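Please read the following report alongside the sequence and the coordinates.

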Amino acid sequence: TSNAYAALGCALIFAIHPVFVTSVAWLSARKHILSAGFIFLATYLFLTKPERKRSIIFIGIAYALSLFSQPINSLWPLWAMFHIRIVKR
């Protein structure tokens, strides 16, 4: 029974020790980095080659991948519409 208490004590220390939180934080950070990379790619393509049909497809794919990574970029099309409206003036 003393081995059971020792195992339980080790499991509790392992469960609540702050060192083991980094794996969860890394997963969260990775999806934000992926989302940022894909939205930067979509923005770059949008600003450099917006007229080409192939670019529009790649912009849509990059935007969709950014949304699948992290839905924080859901308002990016509004920015794109305002940018088009301002630049065309």
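Leaving aside its neighbours within four places in sequence, which residues is S66 in contact with?

## S66 and its surroundings

In this predicted model, S66 is in contact with S35, F38, I39 and N73, once the neighbours within four places in sequence are set aside. S66 belongs to helix 3, and its relative accessible area is 0%. Since buried means under 20% relative accessible area, S66 is therefore classed as buried.

## Other positions along helix 3

Helix 3 covers residues 53-69, and A64 is found in it as well. A64 has a relative accessible area of 27%, and because the partly exposed class lies between the 20% limit for buried and the 50% limit for exposed, A64 counts as partly exposed.

## A nonpolar surface patch

F68 also takes part in a nonpolar patch on the surface, whose other members are I57, F58, I61 and L65. Together these residues have about 530 Å² of accessible area.

## Helix 1

Helix 1 comprises residues 2-16, that is, 15 residues. From its first C-alpha to its last, helix 1 reaches 21 Å, which is close to the 21 Å expected at 1.5 Å a residue. With regard to burial, helix 1 is hardly covered, as the count of buried residues among its 15 residues is zero.

## The chain as a whole

The protein contains four helices and zero strands, and read from the N terminus on, its elements follow the order α-α-α-α.

Among the contacts in the protein with a separation of 6 or more, 60% are accounted for by residues 24 or more positions apart.

How values were computed: Residues are numbered from 1 along each chain as its sequence is written. This is a predicted model: local features need pLDDT of at least 70, side-chain atom pairs count only at pLDDT 80 or more; totals for chains, interfaces and linings use all residues. Side-chain values use heavy atoms; hydrogens and water are left out. Helices (H or I, at least four residues) and strands (E, at least two) are DSSP runs, numbered from the N terminus. Contact means heavy atoms within 4.5 Å. The expected span of a helix is 1.5 Å times one less than its number of residues. Buried means under 20% relative accessible area, exposed over 50%, partly exposed in between (1.4 Å probe, protein chains only). Patches are made of residues with over 30% relative accessible area and no salt bridge: like charges are joined within 9 Å, nonpolar side chains (Val, Leu, Ile, Met, Phe, Trp, Tyr) within 5 Å. Accessible areas come from the Shrake-Rupley method with a 1.4 Å probe; for residues, only the protein chains shown count as cover. A salt bridge is a side-chain nitrogen of Lys or Arg within 4 Å of a carboxyl oxygen of Asp or Glu.
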